[in-house]
Amino acid sequence: MAGRKRHSAEQIVRKLRQGDELEAAGKTSEEIAAELEVSVATLFNWRRQYGGMDTDAAKELKELREQNSRLKRLLADAELEKDALREVAKGKILSPAAKRRAVDMLVETLGVSKRLACKAVGLARSTYSRTPIAQTTADPDAELRGWLRTYATKHPLHGFRRAWAALRFDEHREVNKKKVHRLWKEEGLQVRIHHPRKRAGQSSVPFVDADAPKVVWALDFQFDSTIDGKAVKIASMIDEHTRLSVLNIVERSITSDRLVVELGKAFALWGGPPQVLRMDNGPEFISHALQQFCDKKVGISYIPPGTPWNNGHIESFNNRLRKECLNRNHWTNLLEARVVIEDFKDDHNHRHRHSSLGYRTPAEYAAQCTHRHHPVECEID
């Protein structure tokens, strides 16, 4: 069966003129339509659209209508493109992977074509159609990506530098740090951690520089609780130079007398006391028991009240203990808290690699350190 014949504007005008002649001859609309080989409805529509026009006017009308239709399509495409741009204008889209995700979002949410979505985002359609090598079996970094995902699962608060340090020093793999950073971002493993505004405080006592091991040990408390709501008090102390954790007390309550006993054990365990204990103005630290214990044995350096940034090393350690241990566990009893926190501090000493120590662990650095303290007119209270 042949398809429907489409008439040009010129043919329509000619047939309408022929129809006028047939109508003048007294023929009915049905007879005229049969003579012209069209339906009565088509004949009626032709007369409504082209009646009274000559060939040139009909051709011009058809061109205007086609032009108007094109303009409407262009306007619709422009409006769709503006909607798409408004949808993705909340942030910069720089990488091809991000642009590809934006195109997918526009196609799914707005229902626009892939061509228009690629145009709005600024991504070539060939780039969008090409499968990234990271999603194919030919990816040369597939094994490394899997290792990084496994590492991030085990250590959800670690960044790419600590992952690189584990690869370099624990796995003994020669991997470029920039490559680890790139793969870390592509796998979406970044963790955004809020860092409070840094403030500079002026200490009211002379500052003692921890330029060697066993010069300054920083001491502080922090609190947690077991699932029954009872408090757990944790005492931590680190060597500011080597970052070694040298004290671990986990109790419901820690009195000044208990603190003195545990400090004596720590001094004996680590080969003698340091030159200075740096601490805040907590009631246990300003107690007579502690001052008598430290008299003529170790100096005490109190930071000004309300200035924890002056004791930054222990605050940083407590922050890591909070985020990587306390916040990730629920203690059913005090014994469980003691065991897990002790394991964390041991892991900190022997497996946590510090960039400030040349990506060595505190234990490795302390074993290799040959620094000696050089006092510069410092006074110890």
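Where is His172 found? His172 lies in the loop between α9 (160–170) and α10 (177–186). This is a predicted model, in which local features need pLDDT of at least 70 and side-chain atom pairs count only at pLDDT 80 or more, while totals for chains, interfaces and linings use all residues. Residues are numbered from 1 along each chain as its sequence is written, and side-chain values use heavy atoms, with hydrogens and water left out. Helices (H or I, at least four residues) and strands (E, at least two) are DSSP runs, numbered from the N terminus.

**Sheet**

- An open sheet is formed by five strands in the order β3-β2-β1-β4-β5, with mixed pairing; two strands pair if DSSP finds at least two bridges between them.
- From one strand to the next, the twist averages 20 degrees; axes are lines fitted to C-alpha atoms, for helices over the stretch in contact, and angles run from 0 to 180 degrees between N-to-C directions.
- Strand β1 (residues 216–225) pairs with strand β4 (residues 276–279) in the parallel sense over three bridges.
- Val216 stands opposite Val276 in β4.

**Helices on the sheet**

- Helix α13 (residues 312–324) packs on the sheet and touches β1, β2 (231–239) and β3; contact means heavy atoms within 4.5 Å.
- The direction of α13 makes about 30 degrees with that of β1.
- Helix α14 (residues 334–350) also packs on the sheet, where it touches β2 and β3, and its direction makes about 170 degrees with that of β3.

- Asn311 sits in the loop between β5 and α13.
- With a relative accessible area of 2%, Asn311 is buried; buried means under 20% relative accessible area, exposed over 50%, and partly exposed in between (1.4 Å probe, protein chains only).
- Apart from neighbours within four places in sequence, Asn311 is in contact with Ala218, Leu219, Glu240, Arg278, Met279 and Ile303.

**Helix pair α1 and α2**

- Helix α1 (residues 9–24) packs against helix α2 (residues 29–36) at an angle of about 140 degrees, and their axes are 10 Å apart.
- The two helices, α1 and α2, are therefore oblique to each other, since angles under 35 degrees count as roughly parallel, over 145 as roughly antiparallel, 65 to 115 as roughly perpendicular and the rest as oblique.
- The crossing of α1 and α2 is right-handed; a crossing is left-handed if the near helix is turned anticlockwise from the far one by less than a right angle, and right-handed if clockwise.
- On the α1 side, Lys15, Gln18, Gly19, Leu22 and Glu23 meet Ile32, Glu35 and Leu36 of α2.

**Positive phi**

- Most residues other than glycine have a negative phi.
- His172, not a glycine, has a positive phi of about 55 degrees, and is exposed with a relative accessible area of 64%.
- Lys214, not a glycine either, has a positive phi of about 60 degrees.
- The loop between α10 and β1 holds Lys214, which counts as partly exposed at 27% relative accessibility.
- Gly122, which follows α6, has a positive phi near 90 degrees.

**Helix α6 and cysteines**

- In helix α6 (residues 114–121), the residues Leu116, Ala117, Cys118, Ala120 and Val121 are buried.
- Cys325 is buried, with a relative accessible area of 2%.
- Cys369 is buried as well, with a relative accessible area of 16%.
- The count of disulfides comes to zero; a disulfide is a pair of cysteine sulfur atoms within 2.5 Å.
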